[in-house]
Amino acid sequence: MKSYRYVARSKAIAARVLGDETMVMSATNSTLFTLDEVASLIWEAVDGVTPLDEIIASKICTQYDVDEEVALMDAAALVETLAEHGILLLSDQPIAVPCAPKMEAV
Amino acid sequence: MSGLVVEIAAKALKLNIPLSVQLDLTYRCNERCIHCYLDHDDHGEMTTAEIKNLLDQMAEAGVFYLTISGGEIMMRRDFFEILEHARLRTFCIKLKTNGVLIREKEAQRLRELGVESVQISIYSHRAEVHDEITKMPGSFRQSIDAVRFLRQQGLLVTMANVLMTQNAADYKSVRLLAAELDAKFIIDPTITPMMDGDRSILNLNVDKAALAEVFRNGDLVGNVEEFCAPPTSVDADALDSLPCSAGHTACYVSPYGDVYPCVQFPMPSGNVRTTKFVDIWRDSPQLKEVRGITLRDMPTCSKCTHGATCTRCPGLAYLEGNMRGPSYQDCEKSFARTGIPSENLKARNAAKSSQTLDLVQIKGLQPAGKNFVAHVTEENAVGA
């Protein structure tokens with residue numbers, strides 16, 4: 001059982017869309033990640049106020065042929081990994097801190 | 001480079017994205033380093049608003065790695081305002097500075113703004129040598145203090161050691177000093193011409209023996225045997241390879257808005273005051289020309305045994321008169337590394353040997369004055 005419902009992008013990151021991927025770097029330890037198309041959709045959607053399960057239902061399961069429970073488990077693994085590097089913030093309450101701005105696609 | 005970084009660079013190349021940009025905020029500086037390739041006057045720097053607008057354009061164009069440099073970046077009173085805007089646009093930011101104006105408060109602000117790393121030039125572990133190079137008394141202490149303040153904030157710091165005749169013997173101790181301060185260490189053994197083409201500062205370059213010693217230091221180059229191995233033959237892949245990222249996935253913007261392929265490749269390719277950054281990047285005839293050059297297009301380098309492994313800088317070649325021609329500085333580095341002269345060096349030496357008789361006659365007729373010394377220095381640097 002997850003101890004959080006809300007996810008927000010940290011301000012301590014560098015990020016840019018590159019084609020169908022998103023490059024994300026932690027400003028605290030310089031770890032670099034690339035997010036694929038689906039992970040990029042989740043990255044763009046996490047705003048600190050929309051619960052993760054709602055994001056998965058509305059943004060992922062409507063576009064991809066995937067079981068909602070499986071998608072939520074995969075999404076949880078993703079956001080928890082990024083949170084370990086300070087890239088995402090997790091909370092059981094809505095997160096008020098302003099998110100890093102969304103990046104325009106190139 | 002890690003596999004992921006290489007993968008990202010390859011994708012940026014395929015998509016024609018300017019992944020990395022160096023933006024110089026100013027050429028003004030509080031130091032007067034003897035090897036500096038810039039003048040230090042303000043010829044009309046971009047305003048705060050112009051720079052913020054440029055940062056917005058660069059973010060939209062896909063720039064991810066942003067190096068902010070100068071001159072001394074903190075000579076601009078709006079430096080933190082610019083940095084804050086750049087971080088809002090989520091660039092991965094590296095700063096190049098002499099650190100003289102970074103105290104505890106500035107170091108804390110840099111950490112809060114989330115810069116990726118800070119590079120500070122340290123020329124020697126001896127204050128008198130460092131200060132003699134910067135021509136600023138007390139600069140060594142101030143720069144080293146800056147390294148400490150930044151490290152106390154947990155920021156990544158790199159101490160950059162530019163090698164020249166004045167400090168040729170000091171790099172090992174600077175490396176130890178960096179380790180003591182928990183900073184990274186890099187060494188640059190090449191003094192480059194000034195951006196206006198003036199080559200007088202090249203006399204500061206270390207001689208071939210010092211260069212060879214650096215290239216045989218395993219602490220700096222890793223596997224010496226591999227690093228200094230004789231070059232292999234040039235195959236078709238090497239002939240079609242690109243020289244470097246300049247103009248391909250990277251470019252440089254001056255404080256006046258001029259766009260060049262690289263800070264070391266001052267070929268004017270447009271100005272962001274009159275043309276959108278992305279339009280310069282995509283449509284500049286100069287950048288397109290640079291992108292079209294492969295090793296195959298270089299008459300002598302393509303036939304040189306060093307072709308596949310040479311670190312030839314197209315910008316230095318441009319400054320030497322032809323961006324498809326040789327960069328003799330890199331020919332000399334290849335020779336110092338492997339002991340095998342490049343085709344360009346062989347050709348130049350052959351040409352010089354036909355002139356040597358005249359010079360020997362001059363040597364016999366007059367005392368060893370300035371011209372003679374200059375001739376000897378150049379011969380030493382030829383390396384073959």
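The model is predicted.

Chain A contains three helices and five strands. Along the sequence these elements follow the pattern β-β-β-β-α-α-α-β. Of its 106 residues, 34% count as buried. Among the contacts in chain A with a separation of 6 or more, 57% are between residues 24 or more positions apart.

Three strands of chain A make up an open sheet, in the order β2-β3-β4, with antiparallel pairing. At its edges are β2 (13–18) and β4 (32–35) of chain A, each of which pairs on one side only. From one strand to the next, the twist averages 20°. Strand β3 of chain A, residues 21–26, is joined to β4(A) by four bridges, and the two run antiparallel. Within β4(A), the residue opposite A:Met23 is A:Thr34.

In general, two packed helices are described by the angle between their axes and the distance between the axes. Helix α1 of chain A (residues 37–45) and helix α2 of chain A (residues 52–60) have axes that come within 10 Å and cross at roughly 125°. An angle between 115 and 145 degrees is neither roughly perpendicular nor roughly antiparallel, and α1(A) and α2(A) are therefore oblique to each other. The crossing of α1(A) past α2(A) is right-handed. On the α1(A) side, the contact is made by A:Val38, A:Leu41, A:Ile42 and A:Ala45, and on the α2(A) side by A:Ile55, A:Lys59 and A:Ile60. By class, the residues of this contact of α1(A) with α2(A) are six nonpolar, no polar and one charged.

Next comes the contact between the chains. Here 17 residues of chain B are in contact with 19 residues of chain A. On the side of chain B that touches chain A, the largest share comes from helix α1 of chain B (residues 3–15), which supplies six residues. That side of chain B divides into eleven nonpolar, three polar and three charged residues.

Chain B has an open sheet of eight strands, in the order β6-β5-β4-β3-β2-β1-β7-β8, and its pairing is mixed. The edges are taken by β6 (184–188) and β8 (259–260) of chain B; each has a single partner strand, so one side of each is left without a neighbour in the sheet. For β8(B), the pairing with strand β7 of chain B (residues 250–253) is antiparallel and runs over two bridges. One residue pair here is B:Val253 with its bridge partner B:Val259 in β8(B).

Some loops of chain B hold backbone features worth checking in the model. Between β2 (65–70) and α3 (79–88) of chain B, the loop includes B:Gly71. The peptide bond that joins B:Gly70 and B:Gly71 is cis, with omega about 25°.

Two further loop residues have positive phi. B:Lys135, in the loop between α5 (127–134) and α6 (139–152) of chain B, has a positive phi of about 60° although it is not a glycine. B:Lys135 counts as exposed because it has 12 C-beta neighbours inside 10 Å, and the cut-off for exposed is 12 or fewer. B:Asp182 lies in the loop between α7 (171–180) and β6 of chain B. Its phi is also positive, near 60°, in a residue other than glycine. With 11 other C-beta atoms within 10 Å, B:Asp182 is exposed.

Note on methods. Residues numbered from 1 in each chain as written. Chains lettered and ligands numbered in written order. Predicted model: local features only at pLDDT ≥ 70, side-chain atom pairs only at ≥ 80, totals over all residues. Pairing = 2+ DSSP bridges. Axes fitted to C-alpha atoms, helices over the stretch in contact; angles between N-to-C directions. Parallel < 35°, antiparallel > 145°, perpendicular 65-115°, else oblique. Left-handed = near helix turned anticlockwise from the far one by under 90°. Contact = placed C-beta atoms within 7 Å. Nonpolar A, V, L, I, M, F, W, Y, C, P; charged D, E, K, R; others polar. Buried ≥ 20, exposed ≤ 12 C-beta atoms within 10 Å, placed from the backbone.
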